[in-house]
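Please keep the sequence and the structure in view while reading.

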Amino acid sequence: VAELLRLVGLRPEFMHRFPHAFSGGQRQRIGIARALATNPRLVVADEPVSALDVSIQAQVLNLLLELQQRLKLTFLFVAHDLSVVRHISDRIAVMYVGQLVELARTDDLFRRPQHPYTAALMRAVPAADPRVRSGDGILSGEVPSPAAPPAGCYFNPRCRHAVERCRSEVPALREIAPGHFSRCHFAGEMEF
C-alpha cells in the first residue's frame, strides 16, 4: 500500500487517514492506486478528471501519462472533454448513441474529422482566444434513444448533410485513410 501511494504521489502515512480527510484530487490518486494494485496492462478510466478543477485535472493527467510510460500501461480513457482527450490520447474513438462513428489517430482526427458529429463536437469547444469565433457546433434536435435508434445513420435526424440515403441505409464503418475510420456515407468526399 505504501508503495502504491508513493507511485501516485501521496505519502505512505496517508494510509491511516479516513476517506473524508482527502481532497478530490487525492481521492482520484487513491482510485488510480487501487486500479494499479493488480499490476494491470490495461486500465479503463471513465471520466477520471471530470469532477476536478482545471489545475488538479492537469496534475492527474500528467500523473496518468507518467504512469503510462513508467509502467508500460494502456489506458482506455472515457471522457466528454475534447481538450482532455486530445492531451492524453494517441487514438480517439468517437461514439454517438452507443455506436462507434469515427476512429483515428489524435492528430488526424483533429486536423480533418470525417464524421459530422465529430466536427460538431470540435466546433462546440470554446476557443481560448476571444477573437476566434467558436461554439457554433450546437446541434438541433434531440439525441435519439439507444433503445429505439432512427433508421439508417443514427445521426441523420441531427445532421445538416443528411440525404435520403442517410435515412434509409446504415453506413458501414470504413477506412477513409490509413488508420482513420468513419461511419458516414460522405466521409472522404466532403469537409464537415
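In this predicted model, the axes of α2 and helix α3 (residues 54–71) come within 10 Å and cross at roughly 20 degrees, where axes are lines fitted to C-alpha atoms, for helices over the stretch in contact, and angles run from 0 to 180 degrees between N-to-C directions. Because angles under 35 degrees count as roughly parallel, α2 and α3 are roughly parallel to each other. The crossing of α2 past α3 is right-handed, that is, the near helix is turned clockwise from the far one by less than a right angle. G25, Q28, R29, I32 and L36 of α2 make the contact with I56, Q59, V60, L63, L64, L67 and L71 of α3, contact meaning heavy atoms within 4.5 Å. These contact residues divide into eight nonpolar, three polar and one charged, with Ala, Val, Leu, Ile, Met, Phe, Trp, Tyr, Cys and Pro counted as nonpolar, Asp, Glu, Lys and Arg as charged, and the others, Gly among them, as polar.

Residues are numbered from 1 along each chain as its sequence is written, and side-chain values use heavy atoms, with hydrogens and water left out. As the model is a predicted one, local features need pLDDT of at least 70 and side-chain atom pairs count only at pLDDT 80 or more, while totals for chains, interfaces and linings use all residues.

The protein chain as a whole comes to seven helices and six strands, helices (H or I, at least four residues) and strands (E, at least two) being DSSP runs numbered from the N terminus. From that terminus on, the elements run α-α-β-α-β-α-β-β-α-α-α-β-β, and the C-alpha trace spans about 65 × 40 × 35 Å along its principal axes.

α2 also takes part in the second largest pocket, to whose lining it gives the most, with four residues, while α1 (2–7) likewise supplies at least two. This pocket has a volume of about 240 Å³, and its lining has nine nonpolar, no polar and three charged residues. A pocket is an open set of points on a 1 Å grid over the protein atoms alone, with protein on both sides within 12 Å along at least five of seven lines, and lining residues have an atom within 4 Å of a point. Grid points are joined across faces, edges and corners, and a volume is the space filled by probe spheres set on the points.

The largest pocket has a volume of about 830 Å³, and of the 24 residues that line it, F77, V78, A79, I92 and A93 are the closest to its centre. Two or more lining residues come from each of β2 (74–78), α4 (82–88), β3 (91–96) and α6 (116–124), and β3 gives the most, with six. By class, the lining has 17 nonpolar, four polar and three charged residues.

The structure also holds one cavity of 30 Å³ or more, a cavity being a set of grid points where a 1.4 Å probe fits but cannot get out. About 80 Å³ of space lies in the largest cavity, whose lining residues include C153, C159, H161, C166, C184 and H185. This lining has eight nonpolar, three polar and one charged residues.

How values were computed:
Parallel < 35°, antiparallel > 145°, perpendicular 65-115°, else oblique.
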